[in-house]
Amino acid sequence: MKKAPLVIKVDNSISLRVRVLSEAKKFFDLIDKNRKHLGPWLPWVHDTKTSADTALYLKEAFSKFEKNESFDFGIYYNEIIVGRCGFHQISHKNRSGEIG
């Protein structure tokens, strides 16, 4: 059974949502629009050339979400995607993980 996508309401304007495949084009467009700014800081930006690249990443990220291995969120402001954040390399045994 698939897990329901997780939504965390930060306040009336901001929410975090587990990213889903149906939003691949929106996320790609955001990356593409900000490519020059993001590129120097995020090495994966250079390899994200099409919305299909983003879709592949989202499939992998959602699979990890279903296994409780990582949580990849879209950041929404007034229902518009403005960024992403995540909790990765989760070790339930060691009660640790990475934020990024």
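User: How far does the backbone oxygen of Trp-44 lie from a polar atom of the side chain of Thr-48?

Analyst: This is a predicted model, in which local features need pLDDT of at least 70 and side-chain atom pairs count only at pLDDT 80 or more, while totals for chains, interfaces and linings use all residues. Residues are numbered from 1 along each chain as its sequence is written, and side-chain values use heavy atoms, with hydrogens and water left out. A polar contact is a pair of N or O atoms within 3.5 Å, where within protein one must be able to donate a hydrogen and the other to accept it, and residues adjacent in sequence count only if both atoms are side-chain atoms. The backbone oxygen of Trp-44 and a polar atom of the Thr-48 side chain are separated by 2.9 Å.

User: Is Thr-48 buried or exposed?

Analyst: Thr-48 sits in the loop between helix H2 (35–38) and H3, where helices (H or I, at least four residues) and strands (E, at least two) are DSSP runs numbered from the N terminus. Leaving aside neighbours within four places in sequence, Thr-48 is in contact (heavy atoms within 4.5 Å) with Phe-28, Ile-31, Arg-35, Asp-53 and Thr-54. Buried means under 20% relative accessible area, exposed over 50% and partly exposed in between, with a 1.4 Å probe and protein chains only; at 9%, Thr-48 is therefore buried.

User: Which strands does helix H3 lie across?

Analyst: Helix H3 covers residues 51–66 and runs at about 115 degrees to S3, with axes being lines fitted to C-alpha atoms, for helices over the stretch in contact, and angles running from 0 to 180 degrees between N-to-C directions. Phe-62, which belongs to helix H3, is buried at a relative accessible area of 15%. Phe-62 is also 43 residues from Arg-19 in sequence and 7.3 Å from Arg-19 in space, C-alpha to C-alpha. The strands that helix H3 lies across are S2 (14–18), S3 and S4.

User: Why is one side of each edge strand left without a neighbour in the sheet, and which strands are these?

Analyst: The open sheet has five strands in the order S1-S2-S3-S4-S5, with antiparallel pairing, and two strands pair if DSSP finds at least two bridges between them.

User: Which residue stands opposite Ile-99 in S5?

Analyst: Strand S4 (residues 80–91) pairs with S5 in the antiparallel sense over three bridges. The residue opposite Ile-99 is Phe-87.

User: What is the relative accessible area of Arg-95?

Analyst: Arg-95 lies in the loop between S4 and S5, and its phi is near 50 degrees, a positive value in a residue other than glycine. Arg-95 counts as exposed, because its relative accessible area is 78%.

User: What radius of gyration does the protein have?

Analyst: The protein follows the pattern β-β-α-α-α-β-β-β along its sequence, and its C-alpha trace spans about 40 × 30 × 25 Å along the principal axes. The radius of gyration is taken over C-alpha atoms, and the globule rule is 2.2 Å times the number of residues to the power 0.38. For 100 residues a compact globule would have a value near 13 Å, which agrees with the protein's 14 Å.
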